[in-house]
Amino acid sequence: MELLTYIGQVAKGKARFIERASDLADANPSVPQMEDEMRERTSGLVTRLRRDKMRFTEFERAAADDTITAALAGVMLGDERNSKLKDQTFAAATKTMPYLWEFYREIQWSLNNGKIEFDDGESPDLGSAASGRSPSKYAKLGYNSSDPELLQDMIDVMPTRQPKIGKSRPASWEGVEFRLGNYLAAPVYSWYNFGEMDKMRRTGLKQMRRVLDPQAKHCQDCLNWASMDWQALGTLPPPGERCQCLF
């Protein structure tokens with residue numbers, strides 16, 4: 001599936017994505033719970049693909065849908081369900097799609113070149129990822145949207161050039177699952193902070209700072225943001241925004 005085709009479908013399905021995200025936040029009312037749920041979904045998706053129980057195009061759509069849904073649900077948790085999910089917020093939830101599409105191409109390359117292979121003769125394990133209907137599954141193809149401003153917002157947040165973030169193509173299904181989890185599960189905390197920042201802005205807080213986990217590795221951008229100490233609220237991006245690591 002072409003990326004712009006998918007983005008056009010997402011813009012049409014905004015209400016369904018928000019409904020699905022609300023259900024996800026209700027069922028997983030904390031960041032650790034939601035991270036665990038999205039890791040289970042990641043494992044379920046990769047298992048079905050590995051066992052050749054779903055077409056690659058189905059895998060693409062399901063993984064992208066869950067990435068956007070988890071982002072919106074994370075915002076809802078951080079804002080204590082008070083977020084209005086403005087068009088800009090909804091658009092931001094799609095910003096990793098070009099990177100995800102590049103990862104899809106890397107998986108296909110590994111499959112085509114024998115780096116990873118489909119399992120043979122195993123029964124399917126549908127897992128959590130099998131439940132629910134894709135919010136964009138039945139949308140019409142094409143770039144036209146009932147909300148052209150939202151569609152433009154979504155396009156604006158994406159890189160102007162096709163990203164090249166993978167230093168190596170996946171050589172195992174474990175590697176596929178780990179990297180896919182970097183889209184579905186790992187960013188939940190970042191989106192929680194995104195929503196929490198909106199809540200704090202509404203309640204009158206004026207300043208913010210970035211605090212690093214001393215036990216983790218950090219990209220240079222995150223180190224730079226933390227070095228700026230206290231700044232006016234909104235000056236610094238929440239974790240996962242405007243940084244090389246994206247997390």
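D87 and K14 are joined by a salt bridge in which the closest N and O atoms are 2.6 Å apart. D87 belongs to helix 5 (residues 87-92) and K14 to helix 2, so this pair ties together parts that are 73 residues apart in sequence. The structure is a predicted model, and a search of the whole of it finds 13 salt bridges.

**The D87–K14 pair**

- D87 is partly exposed, its relative accessible area being 21%.
- K14 has a relative accessible area of 18% and counts as buried, because the cut-off for that class is under 20%.

**Other salt bridges**

- D79 and R202 meet through their side chains in a salt bridge, with 2.9 Å from N to O.
- Because D79 lies in the loop between helix 4 (56-78) and helix 5, while R202 lies in helix 9 (residues 188-202), the pair ties together parts that are 123 residues apart in sequence.
- The two partners are placed as follows: D79 is buried, with a relative accessible area of 0%, whereas R202 is partly exposed, with a relative accessible area of 49%.
- E37 forms a salt bridge with R41, and here the closest N and O atoms are 2.8 Å apart.
- E37 and R41 are 4 residues apart in helix 3 (residues 31-50), and therefore about one helical turn separates them.

**Helix 1 against helix 2**

- Helix 1 (residues 3-12) packs on helix 2 (residues 14-27) at an angle of about 75°, and their axes are 4 Å apart.
- The two helices are therefore roughly perpendicular to each other, a description that applies because angles of 65 to 115 degrees are placed in that class.
- Sorted by class, the residues in the contact of helix 1 with helix 2 comprise 4 nonpolar and 3 charged residues, with no polar ones.

**Helix 4 against helix 6**

- The axes of helix 4 and helix 6 (residues 97-112) cross at roughly 150° and come within 11 Å.
- Helix 4 is therefore roughly antiparallel to helix 6, and the crossing in which helix 4 passes helix 6 is right-handed.
- On the helix 4 side, the contact is made by F56, F59, E60, A63, A64, T67 and I68, and on the helix 6 side by M97, L100, W101, Y104, I107, Q108 and L111.
- The residues of this contact between helix 4 and helix 6 divide into 11 nonpolar, 2 polar and 1 charged.

**A loop residue: V211**

- Where is V211 found? V211 sits in the loop between strand 1 (207-208) and helix 10 (220-227).
- V211 is exposed, with a relative accessible area of 65%, a value that falls in this class because the cut-off for exposed is over 50%.
- From C-alpha to C-alpha, V211 and W225 are 8.8 Å apart in space, and they are 14 residues apart in sequence.

Note on methods
Residues are numbered from 1 along each chain as its sequence is written. This is a predicted model: local features need pLDDT of at least 70, side-chain atom pairs count only at pLDDT 80 or more; totals for chains, interfaces and linings use all residues. Side-chain values use heavy atoms; hydrogens and water are left out. Axes are lines fitted to C-alpha atoms, for helices over the stretch in contact, and angles run from 0 to 180 degrees between N-to-C directions. Angles under 35 degrees count as roughly parallel, over 145 as roughly antiparallel, 65 to 115 as roughly perpendicular and the rest as oblique. Ala, Val, Leu, Ile, Met, Phe, Trp, Tyr, Cys and Pro count as nonpolar, Asp, Glu, Lys and Arg as charged, and the others, Gly among them, as polar. A salt bridge is a side-chain nitrogen of Lys or Arg within 4 Å of a carboxyl oxygen of Asp or Glu. Buried means under 20% relative accessible area, exposed over 50%, partly exposed in between (1.4 Å probe, protein chains only). A crossing is left-handed if the near helix is turned anticlockwise from the far one by less than a right angle, and right-handed if clockwise. Contact means heavy atoms within 4.5 Å.
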